[in-house]
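Me: I am new to this structure and would like to learn how to read it. Could you take me through it step by step?

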Amino acid sequence: MTDTRLIRNFSIIAHVDHGKSTLADRLVELTGTLQKRQMKEQLLDDMELERERGITIKARAVAMNYLAKDGITYQLNLIDTPGHVDFNYEVLKSLQACEGALLLVDASQGVEAQTVVNAHLAEQAKLTVLPVLNKMDLPHARPEQVAQEIEDAICIPAEDAIPVSAKTGLNVDLVLEAIVAKIPAPTGDPQANLQAMIFDAVYNDYRGVVLFCRVFQGTVKKTEMIRMMGTMTHYEVMEVGKLKPDMQPVDLLHAGEVGYIVANIKKLQDVVIGDTVTHEDEKRRNVALPGFRQPKPMVFCGFYPTVPSEFENLRKSLEKMRLNDSSFTFEPETSDALGFGFRCGFLGLLHMEVIQQRLEREEDMDLVQTAPTVRYRVKQTNGEIKEIRSPSELPDGSVIEEYQEPITHVNVVVPAIYIGAVMKICTDRRGQYVKTDYYGKERVMIGLRIPFAEIIFDFHDHLKSATRGYGTMDYEVEGFEASNLVKVRILIAGDEVDALSFLCHKDQSESRGRKILKQLRKEIPRHQFEVALQAAIGGKIVARESIAPMRKDVTAKCYGGDISRKRKLLEKQKEGKKRMRQVGSVEIPQKAFLSVLRTGDED
Amino acid sequence: MNPSSAVKSVGSGTSLYVHVPFCVVKCGYCDFNSYVVEDRSVHDRFLDALDAELRATWRGREVVSVFLGGGTPSLLDPDRLRRLLEIVGRHVPLRECAEVSMEANPESITLEKAIIARELGVSRMSMGVQSFHAHHLKFLDRAHSAERAEQAFAQLREAGFANLSIDLMFGIPHETCEEWRSDLERALALGPDHLSCYNLTFEPGTRLYRDLQRDVVSPNEQEEDRTMFLHTRERLAQAGFTAYEVSNFAGRGGPCHHNDHYWLQGDYVGVGPGASSHRAGVRCTNLKPVEAWANAALAGLPCAGSAETLRPLQRAAEAVWLGIRRTSGVDLVAIEQRLGMPLLGLFEPILASQLEAGWVAFDGRTLRLTPDGLLMADRVGGDFLAVGVAR
Ligand SMILES: Nc1nc2c(ncn2[C@@H]2O[C@H](COP(=O)(O)OP(=O)(O)OP(=O)(O)O)[C@@H](O)[C@H]2O)c(=O)[nH]1
Ligand SMILES: C[S@@+](CC[C@H](N)C(=O)[O-])C[C@H]1O[C@@H](n2cnc3c(N)ncnc32)[C@H](O)[C@@H]1O
Ligand code: SF4
Ligand SMILES: [Mg+2]
């Protein structure tokens with residue numbers, strides 16, 4: 001059994017792309033956890049989507065043995081975390097399993113919005129934070145200034161921040177030594193009763209639910225009966241092990257360690273992330289840990305199976321997905337146009353996209369997704385507050401006293417010369433200026449209050465282009481405020497299509513209605529007849545478009561070399577047609593239901 | 001004259017396609033496998049590799065027709081053009097072949113080259129004119145003027161070609177019906193023996209397609225394309241041309257048998273980079289980059305970069321889709337016999353709905369598009385293709 005004093009548990013936290021996963025590679029390599037030939041870039045980003053997008057989505061743990069300069073071998077448990085705002089919950093959970101955090105800052109980019117947020121999370125979790133300056137190999141690295149920025153923004157001393165290059169490996173050995181020297185060892189007692197926290201889980205067809213745990217007190221091993229305290233269920237342990245980073249069985253997990261437990265858990269509902277595992281035997285039970293604050297989803301959309309009979313399968317897939325990502329929610333709903341489906345809640349748009357793509361790839365689900373909306377509220381005449389996650393949940397107009405929309409506090413970090421550009425975006429989006437803080441001489445953090453509906457779609461893109469890519473942002477929903485909202489209904493060939501209706505601020509309703517119709521006009525193929533598209537507020541039509549009938553549908557040229565390609569194209573079109581939704585006599589492609597999303601700024 | 005009667009029954013013989021992958025400029029609409037290559041040594045290497053590939057693939061088959069296309073075969077300088085035709089002629093006796101077509105572009109064809117082609121056995125020239133309007137030629141990135149096209153046509157006649165075809169395009173963004181009418185008249189005034197009139201298509205991977213996606217250009221109204229399409233058929237009929245396919249019109253020279261052979265699912269061998277071949281339901285396509293293809297050919301390796309084998313039902317469905325674009329229609333009974341499988345039952349439901357829509361006519365044996373159906377040929381063909389995918 002490893003002496004608890006020789007264990008170090010730490011997370012790597014940073015803004016997006018500052019090099020967390022790359023640093024993790026170097027640590028894994030330098031400690032000899034994997035052979036050079038087993039290495040690949042951003043090794044821990046092994047989900048297909050992570051590799052494609054080049055970002056971390058899920059936090060990943062890896063256990064390493066490190067022979068330090070003092071001649072002693074330490075057990076280091078590293079958790080690599082995602083940097084994007086939408087996956088903040090992963091960071092939050094990871095920090096609960098650690099005593100320390102490496103705060104990585106790109107030495108040329110400097111402190112950015114997520115650097116600040118993640119550093120604060122680590123401080124709230126009472127972790128020891130070690131600043132590390134990465135990408136020192138870049139010619140634009142400016143370590144002194146960035147160290148100053150860290151001191152100003154996060155109020156932690158940064159003069160001994162370690163300058164490294166995760167790419168070349170420069171000074172990575174110093175990072176390992178600092179982890180050993182400065183991050184405290186865990187304090188748990190291996191002799192005490194078992195107390196372990198589930199910080200993640202994944203479903204495996206053969207082994208059931210695999211629990212990823214941090215053991216705080218006691219030990220756990222094969223054949224013991226464990227109890228999950230929140231769900232009050234018990235199981236026999238089949239295997240315990242460590243992540244290296246693949247699962248490797250060990251005899252025993254003990255206080256201070258991070259590892260996994262397999263207990264043939266087939267009921268997904270029995271596992272709740274944040275729950276405490278102890279022994280089933282009453283004499284050997286410990287008390288429950290506080291668990292996590294559940295994040296509250298603020299962005300909602302509908303997921304519907306492409307084939308209606310797949311509804312139950314979709315439910316199963318959603319349950320599996322939720323086990324692996326407890327920051328999203330789902331509940332059944334129905335739509336006239338789309339049938340039975342689920343209303344799902346997410347932390348942001350990227351989160352939504354990732355879940356949708358994971359469902360399609362990992363679970364092989366074919367989905368129709370409806371346009372996302374934020375969580376609104378209405379105050380009813382009887383004083384009750386009703387949450388509105390879909391326009392169909394709106395009560396009758398006569399009982400609505402007031403509409404309310406969520407307001408966010410947005411922090412934007414930019415070089416000071418872009419203050420004006422940021423202010424412009426803010427006023428364009430019904431926002432208010434709150435305050436400015438200086439980090440060093442050239443960078444500022446601007447605080448703004450902006451309605452959430454104004455930032456989820458393309459605020460980030462606008463910010464990036466208005467600041468030549470320098471601006472970074474972070475946001476948090478602060479509360480709700482009264483707002484002048486209206487419901488815009490979309491009619492296709494005279495029939496209202498509920499899945500396309502949306503709520504928005506009155507001032508924007510007409511222009512958004514128009515844009516959506518324009519988009520629909522592009523997405524819906526021509527029919528043999530003319531198709532009318534209308535947007536209505538109440539009984540009043542505020543915009544209209546039409547799709548001209550198909551008058552000619554014949555390929556001009558088909559030569560010998562082209563036959564295969566043209567045939568495949570037509571075959572594919574036919575397949576796509578089978579998957580369209582029929583509303584009245586009009587066939588609507590699945591993609592069209594997302595039209596509300598693609599209404600950027602083409603005017 | 002029934003233009004399709006001259007076509008031999010499918011299965012007899014093989015056609016040869018030779019791809020010359022070089023162009024003076026890359027036209028904005030063009031997705032053919034062609035490259036702007038100044039370096040003449042690449043032309044030589046191309047010819048060497050072509051020789052090697054022909055030696056490996058052709059092996060004395062019975063030839064139906066030969067087509068030298070591109071790219072721009074006429075861009076080769078006189079000596080190289082001669083060498084090209086000698087190489088091909090070594091494997092296929094060109095002068096004995098019923099139809100040997102070659103593509104020529106106005107900017108590069110000369111009287112000298114035309115005479116060489118004629119002497120070495122080319123019997124039919126097809127020249128890409130596309131438009132007679134300077135602003136449209138410019139929009140399309142064409143490297144020649146309308147006048148040069150007319151002059152080139154005259155030179156081809158002077159060289160002794162009795163069978164000349166012209167390629168035109170309509171539906172170019174901002175083109176008016178008036179402009180298209182005048183293009184047709186100007187082409188007719190040259191007295192071509194065959195005409196191809198293609199509605200401009202935005203092909204993925206082309207400059208034009210990207211412009212479309214970025215909203216830099218917008219396609220013409222479908223209504224206008226339709227008007228031009230219908231006008232073309234009417235006017236050319238009046239001028240004595242037979243519309244034997246959606247975009248192809250036979251004058252004195254008759255139809256292009258080579259293309260007809262494709263549409264009748266005949267066997268063909270394609271040589272050169274990116275060229276496709278077909279043999280009894282197996283389609284393969286050569287490597288596209290000139291270097292990759294030449295390396296394979298010169299090393300005596302197979303040049304194919306991709307291949308697909310059609311399932312029997314897919315083959316049948318394809319036969320209908322390809323054939324129905326021909327004015328004489330598809331003989332379903334003949335396809336049944338050729339492929340040795342019953343089809344009428346399988347196609348029954350589709351046929352019924354197509355008949356009801358008024359898009360096809362069927363006499364129990366031959367399926368044809370009606371005038372309404374002609375305008376919906378992709379829809380009709382697509383429905384049949386779907387039958388091939390379903391099983
Ligand atoms: N030049 C240089 N590039 C680096 C260095 N470290 C990381 N990078 C590059 O920065 C990019 C982002 O690296 P990642 O390790 O994926 O960053 P991350 O912080 O894990 O990103 P998220 O998980 O998406 O938040 C990659 O292209 C890396 O190759 C470094 O020290 N020097
Ligand atoms: C093999 S191509 C090119 C032949 C020759 N290099 C030329 O440019 O004239 C034959 C014909 O296809 C037609 N074509 C090519 N691309 C087209 C497109 N995107 N849409 C419609 N017709 C096209 C043109 O009329 C062209 O002349
Ligand atoms: S259209 Fe003809 S000349 Fe133009 S790029 Fe294509 S093949 Fe070459
Ligand atoms: Mg990462």
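This is a predicted model: local features need pLDDT of at least 70, side-chain atom pairs count only at pLDDT 80 or more; totals for chains, interfaces and linings use all residues.

Me: Let's begin with a single residue. Where is Met47(A) placed?

Reply: Look for the elements on either side of it. Met47(A) sits in the loop between α1 (20-30) and α2 (48-53) of chain A.

Me: And why does Met47(A) count as partly exposed?

Reply: Here we count neighbours: a residue is buried with 20 or more other C-beta atoms within 10 Å, and exposed with 12 or fewer. Met47(A) has 17 such atoms within 10 Å, so it is partly exposed.

Me: Which residues does Met47(A) touch, not counting those up to four places away in sequence?

Reply: With those set aside, its contacts are Ile57(A) and Lys58(A). Ile57(A) is 10 residues from Met47(A) along the chain, and their C-alpha atoms are 8.3 Å apart.

Me: Now the two chains. How many residues does each chain bring to the contact?

Reply: Chain B brings 36 residues and chain A brings 19. On the chain B side, several elements supply at least two residues each, among them β6 (194-199), α8 (222-238) and α15 (377-390). The one that gives the most is α15(B), with 8 residues. By residue type, this side of chain B divides into 16 nonpolar, 11 polar and 9 charged.

Me: How should I read the strands? In which sense does β10 (residues 276-279) of chain B run relative to β11(B)?

Reply: Follow the bridges from strand to strand. β10(B) and β11(B) run antiparallel, joined by 4 bridges, and Arg279(B) stands opposite Val282(B) in β11(B). Their hairpin has 2 residues between the strands, and Ala280(B) takes a positive phi near 45 degrees there.

Me: Which strand does β11(B) pair with over 5 bridges?

Reply: That is β12 (residues 304-309) of chain B, again in the antiparallel sense. Within this pairing, Thr285(B) has Ser306(B) in β12(B) as its bridge partner. As a general idea, side chains in a regular strand alternate between the two faces of the sheet.

Me: Last, the ligand. Where does ligand 2 lie, and which residues come nearest?

Reply: Ligand 2 lies between chains A and B. There are 18 residues around it, and Tyr29(B), Gly128(B), Asp167(B), Tyr198(B) and Thr201(B) come nearest. β2 (63-70), β4 (124-130) and β5 (164-170) of chain B each supply at least two residues of this shell. The shell divides into 7 nonpolar, 7 polar and 4 charged residues.

How values were computed: Residues are numbered from 1 along each chain as its sequence is written. Chains are lettered from A and ligands numbered from 1 in the order in which they are written. Two residues are in contact if their C-beta atoms, placed from the backbone, lie within 7 Å. Ala, Val, Leu, Ile, Met, Phe, Trp, Tyr, Cys and Pro count as nonpolar, Asp, Glu, Lys and Arg as charged, and the others, Gly among them, as polar. Two strands pair if DSSP finds at least two bridges between them. A residue is near a molecule or strand if its C-beta atom, placed from the backbone, lies within 6 Å of it.
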